Amino acid sequence: MRVAVLDDYQQAAHHFADWQSLDAEVTFLHEHIDNTDALAEALRGHDVVVAMRERTPFTAERFERLPDLRLLVTTGMANAAIDVAAAERHGVTVCGTQSPATATPELTWGLILSLLRHIPAESTGVREGQWQHSIGGDLYGRTLGIVGLGRLGSRVATVGRAFGMRVLAWSSNLEPSTARERGAEPVNKQTLFAESDVVTVHYKLSERSTGLIGCEELSWMKPTAYLVNTSRGPLIDTDALVDALVEGRIAGAGLDVYDVEPLPADHPLRTAPRTVLTPHIGYVTEETYRIFYGEAVEDIAAWAEGNPVRTLAP
């Protein structure tokens, strides 16, 4: 059995699971492979592929180019970049892993605090011999707007309340009683964007939610308000966001996710003002990797024994 572990950016996957327990040849690929021809060549002869989240898409076309593939393991129990129906047609079993709900909300607050207290700029200033150039914002008494109050958004709400913030929530199907149970005040979409000092996005990406936040939503925001996205890049209209930042119509943005990843060198967000940018590290923690890769090995072993676990259905 030959196993390929994709997109091991930190060259760390081998540390977080007992790969030697598998009767397999395991190859760790550290560089992202974007080109379909190159991917097909790299995965030639591999029975099993382990994909990290949605870094590498597996489309119907790619399954056709991977005739040796029999098992695809994705970290997490959902992966919008995998055409599971196409996998089934090509005889490929797709399995997942658990995904902790703690890491991304923690990074969300890292971005919020970095924005309001200008932490990256002040850190750079100290290293360059400067001293105190900015005046930070406050969280206590301010309003936090959460777009999507699921298992991640709910954790963000808990921390917001601990900071003494008023917490608002909106999603297209949010029940008012559910919002109140989770410590948030249910409001309509416009109210959330208009009254919040910080808007943070925790929404599932779908065809329907792509572009959920565009020119109109950004126009509702206060010029002193910040936008944070640790969910999925396409939820926000990037062009509209860049325009709002350049024109000073919002105070800033903290982003961990993008339309295209890795973010191209010439992408306009790289030079947009008043931003804190991180390279999709919301889930990149030691505990998360321990679960991701540990359960990936479990998935492979169970599949090899003819009893696949945590399978994903079309």
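The side chains of E185 and R166 meet in a salt bridge, with N and O 3.2 Å apart. A salt bridge here is a side-chain nitrogen of Lys or Arg within 4 Å of a carboxyl oxygen of Asp or Glu. This pair links distant parts of the chain. E185 sits in strand β8 (residues 185-186), R166 in strand β7 (residues 166-170), and 19 residues separate them. Helices (H or I, at least four residues) and strands (E, at least two) are DSSP runs, numbered from the N terminus. E185 is partly exposed, at 35% relative accessibility. R166 is also partly exposed, at 33%. Buried means under 20% relative accessible area, exposed over 50%, and partly exposed in between (1.4 Å probe, protein chains only).

The model is predicted: local features need pLDDT of at least 70, side-chain atom pairs count only at pLDDT 80 or more, and totals for chains, interfaces and linings use all residues. Residues are numbered from 1 along each chain as its sequence is written, and side-chain values use heavy atoms, with hydrogens and water left out.

Four of the five residues of β7 are buried, so the strand is largely enclosed by the rest of the structure. Strand β6 (residues 143-147) runs parallel to β7, and five bridges join the two. Strands pair if DSSP finds at least two bridges between them. T143 stands opposite R166 of β7. From β6, the chain passes through helix α6 (residues 151-162) to β7, in a right-handed β-α-β crossover. Right-handed means that, with the strands pointing away from the viewer, the path from the first strand over the helix to the second runs clockwise. Strands β7 and β8 are parallel too, joined by two bridges. A169 has P186 of β8 as its bridge partner.

Side chains of opposite charge can pair when their charged atoms come close. The count of salt bridges comes to 14. One of them joins R310 and D299, whose closest N and O atoms are 2.9 Å apart. D299 lies in helix α11 (286-304) and R310 in the segment after this helix, so the pair ties together parts that are eleven residues apart in sequence. D299 is buried, at 0% relative accessibility. R310 is partly exposed, at 24%. Shared partners join E295, E298, D299 and R310 into one network of salt bridges. E41 and R44 form another salt bridge, at 2.8 Å from N to O. E41 is partly exposed, with a relative accessible area of 48%, whereas R44 is exposed, at 53%.
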